[in-house]
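Hi everyone, thanks for coming. Let me put the sequence and structure up, and then we can walk through how some of its pieces pack together.

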Amino acid sequence: MKTLPVVRPEGNVPESARLGGEEGNVPVLLSRLKESIGFFEKNLSSALGWARKNSIFQYPFVTACCGMEYMSAMAGRYDIARFGAEFPRFTPRQADLLMIVGTINVKQSPVLKRVYEQMCEPKWVMAFGVCASSGGFYDNYATLQGADRVIPVDVYVPGCPPRPEQVLDGLKILQEKIQTQLHRAATVEKG
Amino acid sequence: MSQALVDLVRERFPDAKGSSHRGDEVVTVRREQVVDVVALLRNQAEMKLLRQIAAVDLLTFAGESTGGGALASIEVPAYALEKKPRVEPRFQVAYNLYSIVRKQSLRVRVELRSDDLKVPTITPLYRTADWWERYVFDMFGIEFVGHPNLQRLLLYPEFVGYPLRKDYPVRKRQPLVPELDFPDLVRGPGPGPGGAGVPMSQTHVGRQNVDPDAYD
């Protein structure tokens, strides 16, 4: 995608009305071909996002009492499978969503990082409960103050432990996020 | 109920101090005597169960056992730790022994000054003392002389300080630690000294004396 220089207007222009950032350039489409490719990319991204958000294979990294609430969210009454998160895969290599269910301590953090690195792209992370989100009330020498000290987290579900409704709400927020992300069928290297 | 046990100890070790706290008999002995006292209780009073080895950090806590109310200061609030007078001997190590046959328990206590935190080990007497002493070393930094493998039990080797001491800062945070090499059971695979392929018996903590073929 090429860029065109922006002709800046004179005078005191508010920051929100400025185009192109510091370089003064704005991305533009110069041909019908690029425009049509963009059109199909957008549609393909939307379709892939729809497929991915409705088939989230999850890896439960259960370390603490939140696991009970995770079981409740999985089981018949709340049934997270209604929202497409059907399968807990007990290997990170087959999972899309890493659910950090419980307290992570400093000694354990390399393990969590390794599990995250073993997951294939695209991957998302949910911090399940306050301990995984911020350390919770374990404000002490051993506990990691939030799993995002080690790996990136997409959605935080508060609660100690969270109600299954909160988990489902967090899952739906994550689904919206997945839908609006850019998905590509393949990465094409261009010269 | 366990006064007979205190008498048994005092008969052999006359300078041992007996006391009682809410029905629990306590005998306070000198550091040099602790192995002999525990051995005496184990062999002659059938106290085959070592329930726990615990440590106490008194720091500024002035109780009956540490000089009484003379040290207690109500003018200084509890949160101003640095202004409160220090208590010596600061640490206590308690051995909670129990006799399953006689249904009697006794606590053997050793008092330690903060400039000399060393206690002789009782691992030859109780197998379970191995991990209890490592636990006390991990949390309080009390050295058990003669212990076969005195390393941190729950925490990791990079941890600085002893978290259950009263002067460990509550808000202190330790830095993140890297992965260890493959044979480590806890911290997972990763590059490290020795690297993958080294038998677990040679690298894993506590496995030095194990036959390598038995585990790998």
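So, in chain A, helix α1 (residues 32–53) packs with helix α5 (residues 164–180) at an angle of about 155 degrees, the axes being 7 Å apart. Helices here are DSSP runs of H or I with at least four residues, strands are E runs of at least two, and both are numbered from the N terminus. Axes are lines fitted to C-alpha atoms, for helices over the stretch in contact, and angles run from 0 to 180 degrees between N-to-C directions. α1(A) and α5(A) are therefore roughly antiparallel, a label for angles over 145 degrees.

A word on the source: this is a predicted model, where local features need pLDDT of at least 70, side-chain atom pairs count only at pLDDT 80 or more, and totals for chains, interfaces and linings use all residues. Residues are numbered from 1 along each chain as its sequence is written, with chains lettered from A and ligands numbered from 1 in the order in which they are written.

Now over to chain B. Which order do the strands of its open sheet take? There are five, ordered β1-β2-β5-β4-β3, with mixed pairing; two strands pair if DSSP finds at least two bridges between them. The edge strands of chain B, β1 (17–21) and β3 (49–57), each pair on one side only. Neighbouring strands are turned by 25 degrees against each other on average, ignoring direction. β1(B) and β2(B) (residues 24–29) run antiparallel, joined by five bridges, and H21(B) stands opposite D24(B) of β2(B).

Note on methods. Parallel < 35°, antiparallel > 145°, perpendicular 65-115°, else oblique.
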